[in-house]
Amino acid sequence: MEKLLKEQDVQYIKELFDRDLVDPVELVLFLESEGSDKVTDANSQYLLATEEIAREVSEISDKISLTIYKDDKEKEKEYGVKEISALFIQGKNTDKNVVFYGIPSGHEFSSLLEDIVNVSQGATRLSPASKETARNIKVPVEILVFITPTCPHCPRAVKTAHQLAMENKLIKAAMIEANEFPELSKKYNVYSVPKIVINEKVQFEGALPEDMFINKVLSVVDGS
Amino acid sequence: MNEFLTVPMVKEQEEMTSDILLDMVILGAGPGGLTAGIYAGRSGLNVVILEKLFPGGQIAVSSRIDNYPGFPDGVSGTELVRGMEKQAVKFGARIVMEEAMRIGKEGTLFVVETVGHKKYKTKTIIISTGADPVKLPVPEEEKFRGRGISYCATCDAAFFKEKDVAIVGGGDTAITDALHLTRFANKVIIVHRRSELRAVKALQEEVFANPKIAFQWDSIPSHVVGDEKVDGLEIKNVKTKEKKVLKVNGIFAAIGTIPNSKIVRGVVELDERGFIKTNHNRETSVPGIFAVGDVRDTPLRQVITAAGDGAIAEFSAENYIKSMER
Ligand SMILES: Cc1cc2nc3c(=O)[nH]c(=O)nc-3n(C[C@H](O)[C@H](O)[C@H](O)COP(=O)(O)OP(=O)(O)OC[C@H]3O[C@@H](n4cnc5c(N)ncnc54)[C@H](O)[C@@H]3O)c2cc1C
């Protein structure tokens with residue numbers, strides 16, 4: 001496959017990584033082979049491109065490693081993988097709870113890079129108040145963020161959700177590329193992105209500011 | 001599939017103390033603000049661009065721009081503004097992801113306060129906060145926003161594969177959106193309050209030749225029909241007063257913009273529609289504060305004019321700084 005990242009961009013990302021990365025980050029990518037019911041004509045191109053993106057990014061810095069599990073049902077179970085592809089960002093402040101379902105391309109590529117930096121630093125950019133709120137949550141929370149790669153305001157929602165998960169391991173946060181998973185999009189009535197679903201209960205559309213996003217999470221937590 | 005990969009140029013929430021005196025704070029990283037940033041950076045000014053949502057502004061949601069010079073085959077909005085962003089950063093402008101909330105004065109200097117209560121002290125301010133889309137004027141707007149009503153065709157078109165959709169509006173934006181929607185939707189109905197389009201000739205030719213597009217002339221939206229999701233749009237003919245329901249699952253709106261001038265209300269003079277009054281140097285009623293692009297009282301709201309404004313305002317601001325120091 002032809003390189004997806006331009007040389008110029010690789011240079012820029014390298015500078016960013018050299019400056020900002022601290023501890024190792026592991027990208028854990030789940031794929032399945034042709035023949036699996038998760039692989040269709042429609043998504044095989046996406047799977048190839050996702051693997052390529054993960055590979056190219058991991059090659060930019062020694063601090064980033066890439067592990068690929070293909071058709072590994074046991075590992076899929078261990079990580080709680082729901083869809084293929086699934087790309088987990090593993091490091092000191094995550095535990096199988098920060099994931100991208102589908103390709104992290106378009107505007108979401110910036111979410112991937114920012115996640116890598118945050119995980120490597122073991123710190124998020126949430127406000128002190130948001131961090132505290134996130135850390136005080138005592139029940140499991142699952143946040144799904146549906147996006148399309150052409151949506152410029154979607155990364156804001158993905159980054160907020162992923163950072164909440166980095167603050168508290170009880171929170172699982174997933175980006176879902178809506179084009180790649182039409183069945184899921186249908187199930188959750190996605191007509192506009194970003195669309196956020198929390199614990200199957202609360203749903204909202206739009207890239208809310210951090211504090212309002214967290215209030216939505218709290219509305220679920222308080223109700224349970 | 002989208003092959004493009006957006007590399008962030010932003011240094012998010014970079015630590016900066018409020019003691020540093022800046023030459024320029026630019027509010028908003030759309031084409032106007034980014035261009036001012038390019039010029040300021042090249043002039044060696046100490047400049048910060050504040051952006052509340054994402055660098056690029058409105059044009060980042062446009063699928064195709066055909067009227068920006070230098071791109072004979074058209075260019076996507078994202079690609080165009082990514083270039084501007086990189087160029088601004090390359091020349092030393094710092095883009096910080098924060099929403100500006102208030103502008104205050106300290107002697108001859110200004111203080112810009114952000115939502116996160118950070119303060120930036122500066123000699124000059126360029127307002128490039130742009131505009132937001134006008135909401136669809138139907139009682140059900142809030143209920144269905146994001147559930148069938150959309151203001152971003154490039155973001156949401158894919159959810160209406162093989163479905164019928166309506167687009168309200170008749171200008172360049174509405175027509176570009178309609179053409180983009182035909183790549184997914186089964187049928188696209190343009191609802192326009194006049195009997196002819198306002199869009200430029202080239203777009204009109206394209207839209208009239210497209211077999212997937214139909215028109216409802218002299219019509220305005222009156223109600224959205226549906227339970228949980230959109231099942232139809234009720235429209236009213238402004239001439240015959242007749243009402244009818246279009247069976248559509250998606251409603252896209254491109255019916256103009258309102259200026260983002262709240263932050264300067266009571267600070268600089270606005271016109272009766274809320275646009276910032278400026279002179280040919282892009283100076284506002286307050287010396288040291290300049291305004292560019294869609295937020296000012298300009299006759300044409302486009303990328304090229306916003307960029308042009310950015311260059312002029314930066315030039316004027318530099319002159320202002322020099323006169324301060326004399
Ligand atoms: C779908 C669509 C298609 C279009 N097609 C074309 C076209 O083909 N050709 C063309 O020339 N023009 C086109 N336009 C118009 C063009 O996008 C605008 O004229 C142009 O973007 C104006 O630039 P600007 O810098 O003035 O403001 P904007 O692009 O509106 O940018 C303003 C920025 O300021 C930020 N901001 C606002 N308030 C604050 C605050 N308080 N603090 C911090 N940041 C803030 C916003 O988030 C935004 O990023 C189109 C517009 C749309 C919506």
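**Close-up 1. The disulfide of chain B.** Because the torsion about the S-S bond of Cys152(B) and Cys155(B) is about 65 degrees, this disulfide of the predicted model is right-handed. The sulfur atoms of Cys152(B) and Cys155(B) lie 2.2 Å apart, where a disulfide is taken as a pair of cysteine sulfur atoms within 2.5 Å. Cys152(B) counts as buried because its relative accessibility is 7%, and Cys155(B) counts as buried at 1%; buried means under 20% relative accessible area, exposed over 50%, and partly exposed in between, with a 1.4 Å probe and protein chains only. Chain B averages a pLDDT of 94, with 96% of the residues scoring at least 70, pLDDT being the predictor's confidence in each residue, from 0 to 100. The scores of the model are ipTM 0.82 and pTM 0.88.

**Close-up 2. The disulfide of chain A.** Cys151(A) is joined to Cys154(A) by a disulfide with an S to S separation of 2.3 Å, and both cysteines are buried. The torsion about the S-S bond of Cys151(A) and Cys154(A) is about 90 degrees, so this disulfide is right-handed. Over all chains, the count comes to two disulfides.

**Close-up 3. Two cis peptide bonds in chain A.** The peptide bond from Ile84(A) to Ser85(A) is cis, with omega near 0 degrees, and Ser85(A) is placed in the loop between helix 3 (73-79) and strand 3 (86-90) of chain A. Helices (H or I, at least four residues) and strands (E, at least two) are DSSP runs, numbered from the N terminus. A cis peptide bond also leads from Val193(A) to Pro194(A), with omega near -5 degrees, and Pro194(A) is found in the loop between helix 7 (182-187) and strand 7 (195-198) of chain A. As background to this view and the next, most residues other than glycine have a negative phi, and most peptide bonds are trans.

Close-up 4. Although Glu200(A) is not a glycine, its phi is positive, at about 65 degrees; the residue lies in the loop between strand 7 and strand 8 (202-205) of chain A. With a relative accessible area of 45%, Glu200(A) is partly exposed. Arg282(B), likewise a residue other than glycine, has a positive phi near 65 degrees and sits in the loop between strand 16 (257-259) and strand 17 (289-291) of chain B. Arg282(B) is buried, its relative accessible area being 13%.

**Close-up 5. Helix 1 and helix 4 of chain A.** The axes of helix 1 (residues 7-20) and helix 4 (residues 108-121) of chain A come within 10 Å and cross at roughly 20 degrees; axes are lines fitted to C-alpha atoms, for helices over the stretch in contact, and angles run from 0 to 180 degrees between N-to-C directions. Helix 1 and helix 4 of chain A are therefore roughly parallel to each other, a term that covers angles under 35 degrees. In helix 1 of chain A, Ile13(A), Leu16(A), Phe17(A) and Asp20(A) meet residues of helix 4 of chain A, including Phe109(A), Leu113(A) and Ile116(A), where contact means heavy atoms within 4.5 Å.

**Conventions.** Residues are numbered from 1 along each chain as its sequence is written, while chains are lettered from A and ligands numbered from 1 in the order in which they are written. In this predicted model, local features need pLDDT of at least 70, side-chain atom pairs count only at pLDDT 80 or more, and totals for chains, interfaces and linings use all residues, while side-chain values use heavy atoms, with hydrogens and water left out.

How values were computed: Angles under 35 degrees count as roughly parallel, over 145 as roughly antiparallel, 65 to 115 as roughly perpendicular and the rest as oblique.
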